Structure formats: structure tokens, C-alpha cells
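Subject: Structure for you to look at

Hi,

Here is the structure I promised to pass on. Please open it first, then read my notes below.

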Amino acid sequence: MNVIEHGRGKPPLDPHLKALENEAIHIFREVAAEFERPVMLYSIGKDSSVLLHLALKAFHPGKLPFPLVHIDTGWKFPEMIAFRDQVVARHGLDLIAHTNPEGLRDNVTPFSHGSARYTDIMKTQALKQALDMGRYDAAFGGARRDEEASRAKERIYSFRTPDHAWDPRNQRPELWSIYNGMIHPGESVRAFPLSNWTEVDIWRYIQAERIELVPLYFAERRKVVERDGMLILAEDKRLELLPDEQVREEMVRFRTLGCFPLTGAVRSQATTLDEVIAELEIATVSERQGRAIDRDQSGSMEKKKREGYF
Amino acid sequence: MAGQILSQNLLPGEDILDIDPHPETTGRQARPLRFITCGSVDDGKSTLIGRLLWDTKAVKEDQAATLRRDSTGKQNELGLPDFALLLDGLQAEREQGITIDVAYRYFSTDRRSFIVADTPGHVQYTRNMATGASTADLAVLLVDARAGILEQTRRHATIAALMGIRQFVLAVNKIDLADYDEARFRSISRDFREIALSLGVRQVTAIPVSALKGENIVTRGDEVMAWYDGPTLVETLEKATQRTGQTTGFRLPVQRVSRPGEGFRGYQGTVAGGSIKPGDSVVVLPSGVEANVKAIVTYDLVRNAAVAGDAITLVLDRPVDVARGDMIAAIDQRPQTGRAFNARLVALSSDGVVPGKRYWLKAGSRRQRVMVRPTSALDLTSGNWDDASFLPVNGIGVVELDFEDTAIFDAYETNRETGAFILIDPESLNTVAGGMIDGKRSKSGRFDALPDADRATVTLPARLLEAFLKTDFARAHAGEIRVTGPEEAEAD
Ligand SMILES: Nc1nc2c(ncn2[C@@H]2O[C@H](COP(=O)(O)OP(=O)(O)OP(=O)(O)O)[C@@H](O)[C@H]2O)c(=O)[nH]1
Ligand SMILES: [Mg+2]
């Protein structure tokens, strides 16, 4: 068998990124070896793109020993879905897209049900359904500790009850890089190989490894409308404008990608990776500022996670 | 002089400045420095890190706005935000005003990047402190200037030292509430120095700080503490060294075997010591089969070398039987193999560690059954190791491990990756202890860290022998010395 070398001519990673990469690969291999039915949650965003790249590295020259699950709320940016399908084809991945059938039947939308209930039904419940259907005992996710205060508390192997609940007051000790993968039937683990990465690390790694991203991360003139202090993309017919709202064209990009009605764009001139990183290094607000679901109240992320959210 | 760095070899009271003349490259040319804050409950650990994040501009505007909003009503008399809320992110923590679990935070200065684990002071959550300590290069130990050193301070210092942390910063905090009293600072530093020396910690930097007011954290507190001329906390952190802690030969704990297609068979894992290149001879343990390295495969390149920390896929030159949990090691610098080892243990579950119970032990990628027999436990007030057969929760003890099949270890002192393990309760499946291998145990109960011929022999009369074995010196050097009573020396 001929082993392909993907990195010919690419300069080596700096020691900081190399250490993060090594740690992530170690976690991938450990979970794949210890669990019977692992799965990777793939959300198409920058963190997921890095996660997938690291998974490909971890199992090279073999293929990924697990499928990917994408929770499709039906309200993702269209570019995201197109990008997802390209990635799946290019790497020959086994991807399962799941939408909550009850939510679909009841026509649950961010507008009709409000962001909190919509998120619960179309994301949290949908995720639990998908995990139950596949009887997965371990799910990789791209969450980072620097994203949010309750995430900062999470273990690399985050233990979940059969109901997928997280009990932050009773986490298992996690010493050195020795992970306890022993669970009872029905219980599961969420594994976070990117736990120790920061937003800047993610971008630097994307640059160093030439990882492809959804174009929404780069500034372009896009149609937006200002709502609740957020710039919402106004390209989808399902977005109904309120009486005093006006669609404008502006140079914007996204720092995180989720459901378009709940994800705010930032005004930006950064059209290249270098420019994005330069902007980030002087950014005065955090990336989650653009996420409606995180802004409801302090502790809302923890609440969602206790209920089984990612 | 304050802010001193102490050396183990000095007499108590004597100080020298022992700063590494060749500080490692910093910035992104090195991996981040990992440190923890620890110490007794309410001594100001979270406030200190919150302040550090604040003063290094790691807190973004939206996070600052949230902090101000959440601080309302809890504002201290100084009108400053409650910086601990930047760390204490769980609802239960906010309600109770304490830290329950470790928070990991990331920040950098112009000179270096850091990962800090803010650990809880409450004794009930010692397990979470141990979680943070296990991967740290340095510990910032906080003491409330008014209260001085408490039992929990000693416990945390001991666990940190046991886990191999050799650099301490003693932050004498809330100095604003102690009238910025120099004598108070000196007396606490002196007390701590003795503890550190008894734990074998070489480097201690003592700094008087006010976490809340940000004095001597990032900015100097000269206006209120003119008597202090040492470094600030952040200066000390920027200069700290990273622990390498690996003096063994090549080690690759095999995580998985990769067989993607006809003719390819690779062993995947992270190099846990030493280095390797194609052509090197290795031994597969426990089987003892020998082979040579044919290739080191990674996604990017087929490499001509790999070093500790690298996640690789190793291809050998002949078909051998290798499975997950095996270790591939340098042929001329092998780890210890056997069924009986001695170790030190921190008990982390409310059930403690029960003699005669069969636990699961996981080390690297190897998981096996083990019987654990505690022989002594540390008394935190006296500092003595007393005989014990049971370790209660948060207990620190020496144990004998007996395996049903071959175990593979290095002494923790020589390799943190291959000398550490966790114990898993077979019923709850929870992690109940963290352990550090001292060495192999032979039938007579001695350690086997070095072959007998390479050890120094210490012969003592029976009455001294027992006392000697209880000293930290004997424990720390258990693998290098051979201790005998007069009778045994003859019998050998
Ligand atoms: N005046 C003064 N108060 C301080 C200082 N540092 C901390 N405090 C106060 O001490 C209290 C406890 O601080 P925390 O930071 O929560 O203590 P902790 O050590 O993290 O506590 P645990 O994590 O629960 O062990 C808070 O009310 C702080 O505002 C200081 O330097 N000066
Ligand atoms: Mg705290």
C-alpha cells in the first residue's frame, strides 16, 4: 500500500499548534479505540472543519472509523449545506443528516416559537434523537473551553446520563491525559478534542493547514437587516421583514455559523485569512456575541447543556 | 529580600536568585505554560485569575458588560466587579459563591501564552483540584494574609508536589486587608518555605498581592508596598520553565492498530518518551518480541524522526503481534515490567480506596485489573507518613499494587506519561484515584526501579530502618537505593 503524504511543501506547524494538534489526535484515537459506536457531530462551521481535518489526520492512512451526524434545523445558511455536501463527497464520508420530524411537522421556526424553544426542539431534541437512533456511545464535538464560562468547566470526556444530561457538579476527575472511557449501557460520553483551543488558534491552524471554509466567514457585500442589535442575513424568502426594517447591502462576515435568523454578522473588510486573523487579534468583543441563543441570560448555555445540548 | 526564589540546597532563611539564565523561547515558539491556582477556600484564587484576565485584556467588552451586570448587588466596598465571576461559570458556583470545578482559561502576554486551571479550594472538591494539578507546569498557591497557612493549603501543596510540580508561586493575598504588613508577608513566606522544602520543591517565589485591587498581579503595587522589590505575578509566570519530566528512552503506548488495506499495518499512539527514527530497534511489551522501525507515518509526511509528544503511526519491519495496550519501547532502555509495583495515590472518591478490592487501573492505553493495598497515609498536620490500610477520600497514601497480568511502567519521577495511572471503580465506573508509580516491588517488598547492581546499598539496624523508610528521602529515592537490615544483607 502506498501511503499518501498530504503535507509536502507545507511549512511545519509552530510548537503551540503542534501541541494542540497532537493532543486532539490522541483524543480521537483513544475514543475510537475504547467505544463501540462513536460518531462525530459535524456542524459545518470553522471548528467542525478543524475537527474533521484532525480526524482525517488521526486515522490516516485509514478512513474515519465512524460516521458524521449533522443536525439540520432547516434554517442553516444555504452555503453551509452546499459546502457540507462538497466536503462529504471529497473525503468519501459517511454523513447522516437529521432533522427533528416532530419539529418539522409542527412547523417549528425561530420566528413562531422564539429562539429558546426553537433551539430546544430543533437542536437539543434533534441531537438526542439522532444519538439515540444510532445508539452512539461517544460523540465527538468541536466545543472549546474558551467559548463560554460553563464550557470552561467541561472535561475532555464529558460524561452524559442515558437522558444525555450533563451534571456539572459531579464530573469525573480527569487526570493527566488518561481518559476514563468506562460507562454503563445507555450512558455516553461527549468527547471534545478542541477543548484547549482558542478562537485565534483555530484561525491560525486553518491558515497553516490550508483548511477550506464556508465562504460566509469572509467579508463580502451581503444583504442584511438590523434586528435586536444583530445584523441578520436577508437573503432567504422565509425571513419576513417587520414594518420598520430595511434591507441594506453591507460588507459583512460571520464569526460563528448557525441558523441564519439567530446568527449575527459583523461589519468587516476582511476578505482573506490574514485579514480575518488581524481583525481577530484586535477584536474587542467575543465571538459568541453574535449568537442570539447565548445572550438570553448568564448560565443559559449551562442550562441547555444539562438538558443534553451540545 | 522579597520575591525570592529559593533553592532546596540552601539553609532555611538563606535566599538566592536562581533564575534560569536560558529561559525557553516564549510566544508561539513554545507550547503554552500550564499552571493552576490552588489553596484554601475563599483565599481569592478565582479573583486572582479574573484579575489576571482583566489586566491582560483577555476579557472582551461583551464579557465585561455581563460581568458588571452580574456583579450588581455583590459589589465589594471598593466598587470593583466581582472578578471571580469570570471563572465561576456554573449556576451552583454563583449561588454559593465558591468554585466547584476547575475552569480552564487561556490568555497571553507579549512574551508567552498560558493555560490556567482555576481549582476549587473546598476540601469536598479536592478531586477537581487534582484534575487541574496533574497537567500543570507550575502552581500558584494562595494564602489569605490574615489567616496564614491552613490544612487545605498543605494538602494542595502536597498534591501539587506529588504530581510533579516543581515550581511554586506563593501568592500572599488580601494583603490590603492586612495593612500591607511586610512582617506578616515574611512570616507566611517563611512558614511556606519549610513546607516546600519538606516536599522537595526547589523553586518558590513569594509575592504579596491583592487579587481584588490588582496589586502585584500585572501592575506593581509600589505605592502601597514600597518594601517589596520582587517580580509581579505575571513576570514570574513569563519566566517559568516548562516541565519536561521525561528521562526515559523511547515509549509508544499503542492506542490502536491501523490496517486500512492489504500490506499496511501501523501502530498508532503518542510518543510518551524519548525519540525514534527508522532503523531503530524496539521491543514490544509485554510480549518481549523485538523488531526494527520501518517507517514513521503521519498525514503530512513519512517522517525521519519523531519525539515525545508526537502523535504518530509506527510501522515495523516484520509481522509481530501488537495490540492496543501494548507498549513499544527502546530495546536498550526498557520500562519496568512485572506484576507488583509500589505507588503513591490520591483518593478522590467518597468511598476512599479499599484494601483487597479489585479495581480497574488505566495507564496510557493499558487497562487491567489490580488489587490495591494501602500501607501508609500522609498526616497533613504532622507531615508524617503513618501506617494505614485504608485511604479515606482526599487521603494521600503509599500503596502496593498487585496485577493479574503483566503491568508496564516507568517511575513517575522519570516519566510522567508512563508513570501515572488512574483507578476506576468496577461498579460505579467512576475514577476514584490518581496514582504515581514509585517502582517495581520484588517479593521482599523492595522497589526495583534500578537493577540492584546499580543501587546504593543502605544497611541499617532494624530500629532505624523502619524510621528511615518513612522519611521523604527514602521514599523519593526508593528506586535508587537498596535498604537492608543487617540480617538480610548477610542472607543476600
Ligand atoms: N479585599 C480583598 N478581597 C479579596 C481579595 N481577593 C479575593 N477577595 C475576596 O474574597 C472572596 C473570595 O474570593 P474567591 O476568588 O471567590 O476565592 P476562591 O479562592 O476562588 O474560593 P474557592 O474557589 O471557592 O475556594 C471574594 O469576596 C473576593 O472578592 C483581595 O486581594 N482583597
Ligand atoms: Mg474560586
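One polar contact to begin with: an oxygen atom of ligand 1 sits 2.9 Å from a polar backbone atom of A211(B). The protein buries 87% of the 650 Å² that ligand 1 exposes when taken alone. Please keep in mind that this is a predicted model.

**Ligand 1**

Two side chains also make polar contacts with ligand 1. In D176(B), a side-chain N or O atom is 2.8 Å from a nitrogen atom of the ligand. In K174(B), a polar side-chain atom lies 3.0 Å from an oxygen atom of ligand 1.

How many residues surround ligand 1? There are 18, and the closest are G44(B), K45(B), T47(B), T99(B) and D176(B). By class, the shell has 6 nonpolar, 7 polar and 5 charged residues. Helix α1 of chain B, residues 45–55, supplies the largest share of that shell, with 3 residues.

**The magnesium ion**

Ligand 2 is a magnesium ion. S46(B) belongs to helix α1 of chain B, while T99(B) is in the loop between α3 (91–96) and β2 (103–108) of chain B, so the pair ties together parts that are 53 residues apart in sequence.

The cut-off for buried is under 20% relative accessible area.

**Chain B as a whole**

Chain B has 492 residues, and buried residues make up 58% of them. Its secondary structure comes to 10 helices and 25 strands. Take the contacts in chain B between residues at least 6 apart in sequence: 69% of them join residues at least 24 apart. The chain exposes about 19400 Å², and carbon and sulfur atoms supply 49% of that area.

**Helix α4 of chain B**

Have a look at helix α4, residues 126–133 of chain B. Here 8 of the 8 residues are buried, so the helix is largely enclosed by the rest of the structure. Those buried residues are T126(B), R127(B), N128(B), M129(B), A130(B), T131(B), G132(B) and A133(B). What do they pack against? Their partners are β1 (33–39), β2, β3 (113–118) and α5 (151–162) of chain B.

**A240(B)**

A240(B) sits in the loop between α7 (233–239) and β7 (251–253) of chain B. Its relative accessible area is 7%, so A240(B) is buried. Leaving out residues up to four places away in sequence, A240(B) touches L33(B), R112(B), L138(B) and Q167(B).

**Backbone points to check**

Most residues other than glycine have a negative phi, and most peptide bonds are trans.

- H60(A) and P61(A) are joined by a cis peptide bond, with omega about 5 degrees. P61(A) is in the loop between α2 (46–59) and β2 (68–71) of chain A.
- L285(B) and P286(B) are also joined by a cis peptide bond, with omega about 10 degrees. P286(B) is in the loop between β11 (281–285) and β12 (289–297) of chain B.
- D228(A) is not a glycine, but has a positive phi of about 50 degrees. D228(A) is in the loop between β7 (220–227) and β8 (230–233) of chain A. At a relative accessible area of 67%, D228(A) is exposed.
- N394(B), another residue other than glycine, has a positive phi near 70 degrees. N394(B) is in the loop between β20 (385–387) and β21 (396–409) of chain B. With a relative accessible area of 10%, N394(B) is buried.

Best wishes

Terms used:
Residues are numbered from 1 along each chain as its sequence is written. Chains are lettered from A and ligands numbered from 1 in the order in which they are written. This is a predicted model: local features need pLDDT of at least 70, side-chain atom pairs count only at pLDDT 80 or more; totals for chains, interfaces and linings use all residues. Side-chain values use heavy atoms; hydrogens and water are left out. A residue is near a molecule or strand if one of its heavy atoms lies within 4 Å of it. A polar contact is a pair of N or O atoms within 3.5 Å; within protein, one must be able to donate a hydrogen and the other to accept it, and residues adjacent in sequence count only if both atoms are side-chain atoms. Accessible areas come from the Shrake-Rupley method with a 1.4 Å probe; for residues, only the protein chains shown count as cover. Helices (H or I, at least four residues) and strands (E, at least two) are DSSP runs, numbered from the N terminus. Ala, Val, Leu, Ile, Met, Phe, Trp, Tyr, Cys and Pro count as nonpolar, Asp, Glu, Lys and Arg as charged, and the others, Gly among them, as polar. Donors are N, O and S atoms within 2.8 Å of the metal (3.2 Å for Na, K and Ca); water is not among the atoms, so sites may look incomplete. Buried means under 20% relative accessible area, exposed over 50%, partly exposed in between (1.4 Å probe, protein chains only). Contact means heavy atoms within 4.5 Å.
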